[in-house]
Amino acid sequence: MVSGRHRMRNSIRGAGAIAAAMALVLVVVGAWFGYRQLAEPACTGQLRLNVDAAPEIEPAVQAAAAQWAENGAAAEGVCVEVAVTASDPADVAAILAGKHGVSLSGVGQAPGTAVSPDVWIPDSSTWLLRLGKEAAGFAPTNNAPIGRSPVVVAMPQPVAASVGWPEKKITWTDLLKQVTTGTKLKTGIVEPTRDAAGLSGLLALGAAAGAAGGAQAQQATTSALRALATGRSAVRQDLLAKFPRATDPASIASALSAAALSEEDVMEYNAKQPPIPLAAVYVEPTPLSLDYPYAVMPGIEPARVAAAEGLFKVLTEASFKDRLAKQNLRGPDGTWGEGFSAPQGAPSPAGTPASTAAPAEGGTAAGGPDPAAVTRALSTWTAITLPSRMLAVIDVSGSMLEVVPTANNATRAQVTLAAAQGGLDLFDESWAVGLWIFSTELVGARDYRELVPIGPLTSQRGQLKNALAGIQPKKLGDTGLYDTVLAAYKAVQDGWEPGRVNSVVMLTDGKNEDDNGITQAKLLADLKAAADPERPIQVVIIGIGNGVNRGELDAITKVTGGGVFVTEDPAKIGDIFLQAIALRPAPR
């Protein structure tokens, strides 16, 4: 019996051992399948999303993308690898402009091997605006801001204190007065054609100057821009190096004392503990902020668009504001996250609302910057700062006597001459300018007449003004376009100077009407034979009214280089003239 019970107990124990073993197997197998489920990704394949981001925001984007990857980054079942590159916005703008067959003033040409990103996060929506205005096919999507850095006027703290910082509210009108009438402030700017903060400051100062109205506005604008140009720098680090490096009064007085920079620039500069820290002066009205738009490039495949949407969601999570704070940046609403060391006097929120993103068609959202204002500001800046040797050639044919209803019934000639006079006022003493007029048979059988030879404005500005004031159209004159273009091109070529933009700027309201002159075929052949790549000459033709033949003018500049601008409303000739001047490339 005992032995029987013993055997039964052993049998029970054996059954228990088997059951335990089976349970253990089930647990192990279950754990293995669970592990496999966890270890194996929930996506297949791999898709690479290339993101170019402004250098200051790139670390935050990189960290967020890395976290997304750890969490199993995927879009529509495909694994996503995000490659984030710190890229100067001007360099990416050059790549995109070249891809769309256009050019942006100041950004130059990108290398032929350069590749455009899938997503671009520049520092400002003004880049999207400028590209969208020039290239009809540039229509990025999303474009929502993912960060913000207010644009401030950076001043050495002793200088800022002398103008009332931090207690006093300082306006752009206050600064304009200091810049144009005083000698206390030595102003500077990072080249605004390549720097969004510089452009923002230029727009704000220009708006303050324009508020004066009339001739005073023109004079204030010219004075302000020339003052800025004196202290301009090609890149931000060069400008920052101009701030005082010693605490003695002489060093402070001789150094740069005011420049438009981003709040992030000032914070980064002060973090290095310079001898004289910078004050971030929040000038009113608030200038356009850097807003870091998330632009998904047009033409990328749907899978990449889906991946871009996935990354955008990560960049709009609450935790991203803290990542931005570590880079001295605010969230898109103008408030800051944990770890942000705000400059003295910094408001929260600060900066302009995030309403500057370009919509899908490449325009601007309501409340964004005025494209015309941006174009005008950059064109005026280029006209003032780029050294040039220019021959202005003005049409005086009989049709220039037609009145312009939109210009208070002034004649085309009067509107054109006013634009030329305004341009002359902008050019500084580094320019060399000459003046011709043309029609038909102005000097015997010759269609053109030299009024002032090309020479330095230092000695002949008054002569040019007097010549412009005395121009009268020839009532029965026609348009001797072809003979004049060829002669003007050769005249500029004969005196070609290195280190300047050598150009012909022609203003005309008609097409060639000279039966006794050369043919179009002869003109184009002679221009092609005369062209010298080592001595380039830009021909810029401004067509006024509806009587011009755009194809005729384009054929000329296709050979010479340059460009054609046509406005059917002669009253707009002033802005067109500035745009035409801005087209000129940097000198050789």
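This is a predicted model: local features need pLDDT of at least 70, side-chain atom pairs count only at pLDDT 80 or more; totals for chains, interfaces and linings use all residues.
Student: What makes a residue count as buried, and what percentage of the 588 residues do so?

Tutor: Buried means under 20% relative accessible area, exposed means over 50%, and partly exposed lies in between (1.4 Å probe, protein chains only). By that criterion, 50% of the 588 residues are buried.

Student: Why is a set of residues called a nonpolar core?

Tutor: The name applies because its members are buried Ala, Val, Leu, Ile, Met, Phe, Trp, Tyr and Cys residues joined through side-chain atoms within 4.5 Å. The largest such core has 72 residues, and M155, V281, F427, L435 and I542 have the most contacts inside it. Helix α7 (residues 196–210) contributes the largest share of this core, seven residues. Another core, of 54 residues, lies apart from it and includes A53, A73, V151 and I300.

Student: Which residues does M155 touch?

Tutor: A contact means heavy atoms within 4.5 Å. Leaving aside residues up to four places away in sequence, the partners of M155 include A160, V163, L175, S257 and V281.

Student: What makes β15 and β16 a pair of strands?

Tutor: Strands are DSSP runs of E of at least two residues, helices are runs of H or I of at least four, and both are numbered from the N terminus. Two strands pair if DSSP finds at least two bridges between them; β15 (residues 432–443) and β16 (residues 446–456) are joined by seven and run antiparallel, so they pair. They form a hairpin with two residues between them, and G444 in the turn has a positive phi of about 65 degrees.

Student: How do you know that C43 and C79 form a disulfide?

Tutor: The definition requires cysteine sulfur atoms within 2.5 Å. Those of C43 and C79 are 2.0 Å apart, so the pair qualifies. A search of the whole structure finds one disulfide.

Student: Why is this disulfide called right-handed?

Tutor: The torsion about the S-S bond of C43 and C79 is about 100 degrees, so the disulfide is right-handed. C43 lies in the loop between α1 (2–39) and β1 (44–53) and C79 in strand β3 (residues 78–86), so the bond ties together parts 36 residues apart in sequence. Both cysteines, C43 and C79, are buried.

Notes: Residues are numbered from 1 along each chain as its sequence is written. Side-chain values use heavy atoms; hydrogens and water are left out.
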